[in-house]
Amino acid sequence: MTDSTSTISTVPSSPITPAKNNPEVQDQLAKVNQEIYERNVELAVRNRTLDTLRKMYEIINTSFGIRGTAQRLTAAITEELKFKKVYLALLSQDKSQLKMAVRHPIQLSEEEIMSYFKVPFDQISIPLTQSDNLCIKCVMDKRSRMTNFLYDLLTPLIDEKQAEELQKKLKIETAIIFPIIFGKEVLGVLIVCLDKHIGNLSRAEKETLKEITEVLGLAIRNAELYTSLETTTDKLKRANIRLQELDKIKDEFVSVASHELRTPMTAIKSYLWMVLYKNMQPLDDKVHTYIFRAYESTERLIRLVQDMLTVSRIEGNRMELRVSDFNLYELIDQIVDEIKVKAGEKGIRLTFTRKVKDVTLHADRDKITEVIMNLLGNAVKYTHQGGFIDLSLTRKDNTIEISVKDTGTGISEADKSKLFQKFSRLEHSYTKMAENTGTGLGLYICRQIVSLHGGEIWVDSEVGKGSTFTFSIPQETVQGDSHAGSST
Ligand code: ADP
């Protein structure tokens, strides 16, 4: 390119003509002038380059999708560096074709483009096998090219005559093609079109265009990553929705299956109980043991089914409270009487300590019963023979705290964090004391019930000394209307 100033430089004024009297001085002056002039040209190019790069970085930071980013970048390059026209073509995902991506400014309508190429602009593509095409050459050997014939870029898409006509229409004299590279990978080409016939580019101009294509490479890779991230996020969102649907189906299935299982199991349990306790003929010891084990297992199964039903209600946000006012002491007396029988069988003493006056609770009576039964049941399960269990009530401001203290196995610090989660059977206490009798769902359900009432549940425990499980129920926060509904 001989007339380099006609491309991307802002042309400084021409060198000053030296004085005529001393030829040697004149010669020296002319050289200095020329040098200054060239430096000025270079500086002008550098200034424009820096401006363009700044603008490009701004665009990279504010736009994300590949199309938008490419469009804004080509517009910035064309306008800042005063090019006639700039095209950007990118390699297809399978790296088999070079596809037109964006152009600036838009001169030809889609109809005009269709009349030449038979497809819209963004579907124009050249297979990488077309080694005669200058753009493909540029992709293959990663070196820039220049031509004064548009046909070199468009072969074999259109013939020479059409290319000539198009070149005239677009008023393009020269086209320079630069590979867009990221790391070692070619991502596409930048085609810069000028309306002047030019020879070689100056060093400064070459550097400018190199820097610009490097930034373009970075921007395109960024935009590609962003687009693929968006696609992945979109896929994840859809997968999540599907999972939620499946979860709902699972909940419904568990709910229906549990209901269906409960009825026959309750019948089996009743018949076994009748054989054990209402049988006129005394049972053989062995038979009694077997029937008793079957009875216990059925009981456990019914509990498991009931717990699963409750968990499915909790997870499907279908657990509702039926609140009413009731006397907490009366309720606890009933529960303690029931549990005392089991505790007595294990030689465990169970007491109820009343630290406050009569308490009327505004809560779901059945669910509070479930929590207390669970805590007392666990205390009996995990306390050795001859141990001691105490249930006590305290009031803190407007909150009632109910504690179940036992002298059982205790829970290690590490295990405490696993409590109140689904299927949280702990290694130490569970395996030693209550093999195969729990579901690991009890405390999880307790926590959900307590938190639905606006309370909390926690444990203090020391291995070998025992545990105290406490839950709180605020007396006035539970409003009947907000949770009202049926509950089974
Ligand atoms: P499970 O039906 O197995 O008893 P829970 O959710 O009620 O299920 O309890 C979870 C685990 O917490 C139990 O398996 C047991 O290891 C431990 N645990 C619960 N209560 C006590 C307690 N009072 N003393 C010692 N360990 C307990």
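Guide: Welcome! A residue is called buried when its relative accessible area is under 20%, exposed when it is over 50%, and partly exposed in between, using a 1.4 Å probe and protein chains only. This is a predicted model, where local features need pLDDT of at least 70 and side-chain atom pairs count only at pLDDT 80 or more, while totals for chains, interfaces and linings use all residues. Residues are numbered from 1 along each chain as its sequence is written, and side-chain values use heavy atoms, with hydrogens and water left out.

Visitor: Why is Cys446 called buried?

Guide: Its relative accessible area is 1%, and the cut-off is under 20%, so Cys446 counts as buried.

Visitor: What makes strand 1 largely enclosed?

Guide: Strands are DSSP runs of E with at least two residues, helices are runs of H or I with at least four, and both are numbered from the N terminus. Strand 1 covers residues 85–91, and seven of its seven residues are buried, so the rest of the structure largely encloses it. Lys85, Tyr87, Ala89 and Leu91 are buried on one side, and Val86, Leu88 and Leu90 on the other.

Visitor: Which strands is strand 1 said to pair with?

Guide: Strands pair if DSSP finds at least two bridges between them. Strand 1 has six bridges to strand 6 (residues 185–194), in the antiparallel sense, and Tyr87 faces Ile191 there. Six bridges also join strand 1 to strand 2 (residues 97–104), again antiparallel, with Leu90 opposite Lys99.

Visitor: How do you know that the length of helix 8 agrees with what it should span?

Guide: The expected span is 1.5 Å times one less than the number of residues. For the 31 residues of helix 8 (residues 285–315) that gives 45 Å, and the end C-alpha atoms are 45 Å apart, so the two agree.

Visitor: What caps the N-terminal end of helix 8?

Guide: Asp284 does, with a side-chain oxygen 3.2 Å from the backbone nitrogen of Lys286. A polar contact is a pair of N or O atoms within 3.5 Å; within protein, one must be able to donate a hydrogen and the other to accept it, and residues adjacent in sequence count only if both atoms are side-chain atoms.

Visitor: How many aromatic pairs does the structure hold?

Guide: Five. Rings of Phe, Tyr and Trp (its six-membered ring) pair if their centres lie within 6.5 Å; planes under 30 degrees apart are stacked, over 60 edge-to-face, and the rest tilted.

Visitor: Why is the pair of Tyr329 and Phe352 called edge-to-face?

Guide: The ring centres are 5.7 Å apart and the planes stand at 70°, so the pair is edge-to-face. This pair links Tyr329 in helix 9 (residues 328–345) with Phe352 in strand 8 (residues 349–354), 23 residues apart. Both Tyr329 and Phe352 are buried.

Visitor: What makes Phe420 and Phe469 an edge-to-face pair?

Guide: Their centres are 6.2 Å apart, with 75° between the planes. Phe420 is buried, as is Phe469.
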